[in-house]
Amino acid sequence: MVLKHNNQLPNQHFRKQWDRRVKTWFDQAGRKQSRRLARVQKAAKVAPRPVDGLLRPAVRCPTLRYNMKLRTGRGFTLEELKEAGVRRKEARSIGIAVDHRRRNQSNESLELNVQRLKAYKAKLIVFPRKAGKPKKGDSEAAEVAGAVQLRTALFPVEQAAPVAEARAITAEEKNVNAFMKLRYARSAKRTLGAREKRAREKAEEEANKKK
């Protein structure tokens, strides 16, 4: 710090009410314990349902920058539920999230989420509303008795990493100049209008000569 002129020397002393300007973390251990108790209480409250909550679809992130990534979405579309054989009003009652606004933009996303639903249904255990009085669609008594609450992630979304097969470079590929190919394509795009205009004028001149 450069000092100029006949001014007072800087001598700030932040001693008054210093505790307002200090961030402490003495409650770290206590908060950890509170979070753990909250998790246990939540698991007991939602039992025997999965701790992770509702089953969610695998969707692509929006925009060109992030659309190569898969993540969990808000809910399954009505089309996905129909393909998987799940009624829209039944879905929420068996732990499946529904989003009536989302639309399937591709067959790949539709198939992916239909497979998720079918895998979920294969492992699903439906408890009867009244013990000892099962209805149509409820699981068998042996399955209900042996049911264990799922405390881990419910069908986590896995990124499908594309694996390129190794192969030898062909002679044709070696002779291609990729840089010049891109430059020619860029030039052709830039001069497209002028070339079309020139061709149109030439055709008109040829037509006028014939007359």
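Visitor: Why is Arg87 called exposed?
Guide: Arg87 has a relative accessibility of 59%, and exposed means over 50% relative accessible area, with buried under 20% and partly exposed in between (1.4 Å probe, protein chains only). Since 59% is over 50%, Arg87 counts as exposed. This is a predicted model, where local features need pLDDT of at least 70 and side-chain atom pairs count only at pLDDT 80 or more, while totals for chains, interfaces and linings use all residues. Residues are numbered from 1 along each chain as its sequence is written, and side-chain values use heavy atoms, leaving out hydrogens and water.

Visitor: What makes the meeting of Glu90 and Arg87 a salt bridge?
Guide: The N to O distance between their side chains is 3.9 Å. A salt bridge needs a side-chain nitrogen of Lys or Arg within 4 Å of a carboxyl oxygen of Asp or Glu, so this pair qualifies. Glu90 itself is partly exposed, because its relative accessible area is 26%.

Visitor: How many salt bridges does a search of the whole structure find?
Guide: There are 5. Among them, Arg31 and Asp27 meet at 2.8 Å, N to O, and Asp27 is partly exposed at 36% relative accessibility. Another one joins Asp99 and Arg101, with the closest N and O atoms 3.5 Å apart.

Visitor: Are Asp99 and Arg101 buried or exposed?
Guide: Asp99 has a relative accessible area of 9%, so it is buried. Arg101 has 53%, so it is exposed.

Visitor: What makes Tyr120 and Phe155 an aromatic pair, and why is the pair called edge-to-face?
Guide: Their rings are 6.2 Å apart, centre to centre, with 70 degrees between the planes. Rings of Phe, Tyr and Trp (its six-membered ring) pair if their centres lie within 6.5 Å; planes under 30 degrees apart are stacked, over 60 edge-to-face and the rest tilted. Both values pass, so this is an edge-to-face pair. A search of the whole structure finds 1 aromatic pair.

Visitor: Which parts does the pair tie together?
Guide: Tyr120 lies in helix 5 (residues 107–123) and Phe155 in the loop between helix 6 (141–145) and helix 7 (171–175), so parts 35 residues apart in sequence are joined. Helices here are DSSP runs (H or I, at least four residues), numbered from the N terminus. Tyr120 is buried at 7% relative accessible area, while Phe155 is partly exposed at 24%.

Visitor: How do you know that Asn113 is buried?
Guide: Its relative accessible area is 0%, so Asn113 falls under the 20% limit. Asn113 is in helix 5. Leaving aside residues up to four places away in sequence, Asn113 touches Pro57, Ala58, Phe76, Glu80 and Arg102, where contact means heavy atoms within 4.5 Å.

Visitor: What makes a group of residues a nonpolar core?
Guide: The members are buried Ala, Val, Leu, Ile, Met, Phe, Trp, Tyr and Cys residues joined through side-chain atoms within 4.5 Å. The largest one here has 13 residues, and those with the most contacts inside it include Leu55, Phe76 and Ile96. Helix 5 gives the largest share, 4 residues. Ile96 touches residues including Leu55, Phe76, Leu117 and Tyr120, not counting residues up to four places away in sequence.

Visitor: Why is Tyr184 called exposed?
Guide: Tyr184 has a relative accessible area of 59%, so it passes the 50% limit. Tyr184 is found in helix 8 (residues 178–190).

How values were computed: Helices (H or I, at least four residues) and strands (E, at least two) are DSSP runs, numbered from the N terminus.
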